[in-house]
Amino acid sequence: MPFFCIRCGECCSQMGDVHVVEEDRGGGRFLVANRYTGERDEVEIDPALARLSPDRRIFERWPMACPFLREDPESGEVVCIVHRTRPEICQEYRCWRLLVQNAAGVRAGRVMERRHLAADDPALKAFWEEKIAGIREGDIDRWDEQVILLLKGAGYTVYW
């Protein structure tokens, strides 16, 4: 299933702990360091999104958001103002490892990172807590297989 970004901002809501601005190079250009890998990237604010740069209200909701995450007040979408030049780790990021749909084909939730459920559906969240949250499989591929079987057995469709 192809990925379609809904511009919710969840993906970058905690990335301020990873990406730190080391240097403001002027003209909308910044040197950004990955706090964990030490990698450094030069990023540049997209001129079409520059109007959003001064608006820092998103940090009231997500204090640890990426320093370049902004909410567009006109559209309500959450956007990366350096998307065109974003660091490689951001380019490789997938919003979900497993996408879970209910029997009607509506997104019920996503498994993000290693084992985090972002549930849109209370029934899926309850099922997760009862049947999946306690699985202690160390191998992530085997964990995925177990989780997919359980979810499919409960009537969900899973994409990975």
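Biologist: Hi! How many disulfides are there in this one?
Modeller: This is a predicted model, and the count comes to zero disulfides.

Biologist: What about Cys90, which cysteine sulfur is nearest?
Modeller: That of Cys12, at 6.0 Å. A disulfide needs the two sulfur atoms within 2.5 Å, so Cys90 is in no disulfide.

Biologist: OK, new topic: helices. How do α3 and α4 cross?
Modeller: Helix α3 covers residues 122-132 and helix α4 covers residues 140-153. Their axes come within 11 Å and cross at roughly 125 degrees. Because of that angle, α3 is oblique to α4.

Biologist: Is that crossing left-handed or right-handed?
Modeller: The crossing of α3 and α4 is right-handed.

Biologist: Which residues meet there?
Modeller: From α3 you have Leu124, Phe127, Trp128, Lys131 and Ile132, and they meet Trp143, Val147, Leu150 and Leu151 of α4. Sorted by kind, the contact has eight nonpolar residues, one charged and no polar.

Biologist: Nice. Where does Ile148 lie?
Modeller: Ile148 lies in helix α4, and it counts as buried because its relative accessibility is 9%, with the cut-off for buried at under 20%.

Biologist: What is Ile148 in contact with, beyond its close sequence neighbours?
Modeller: Setting aside neighbours within four places in sequence, Ile148 is in contact with Leu98, Val158 and Trp160.

Biologist: And how far is Ile148 from Ala33?
Modeller: They are 115 residues apart in sequence, and 36 Å apart in space from C-alpha to C-alpha.

Notes. Residues are numbered from 1 along each chain as its sequence is written. This is a predicted model: local features need pLDDT of at least 70, side-chain atom pairs count only at pLDDT 80 or more; totals for chains, interfaces and linings use all residues. Side-chain values use heavy atoms; hydrogens and water are left out. Axes are lines fitted to C-alpha atoms, for helices over the stretch in contact, and angles run from 0 to 180 degrees between N-to-C directions. Helices (H or I, at least four residues) and strands (E, at least two) are DSSP runs, numbered from the N terminus. Angles under 35 degrees count as roughly parallel, over 145 as roughly antiparallel, 65 to 115 as roughly perpendicular and the rest as oblique. A crossing is left-handed if the near helix is turned anticlockwise from the far one by less than a right angle, and right-handed if clockwise. Contact means heavy atoms within 4.5 Å. Ala, Val, Leu, Ile, Met, Phe, Trp, Tyr, Cys and Pro count as nonpolar, Asp, Glu, Lys and Arg as charged, and the others, Gly among them, as polar. Buried means under 20% relative accessible area, exposed over 50%, partly exposed in between (1.4 Å probe, protein chains only).
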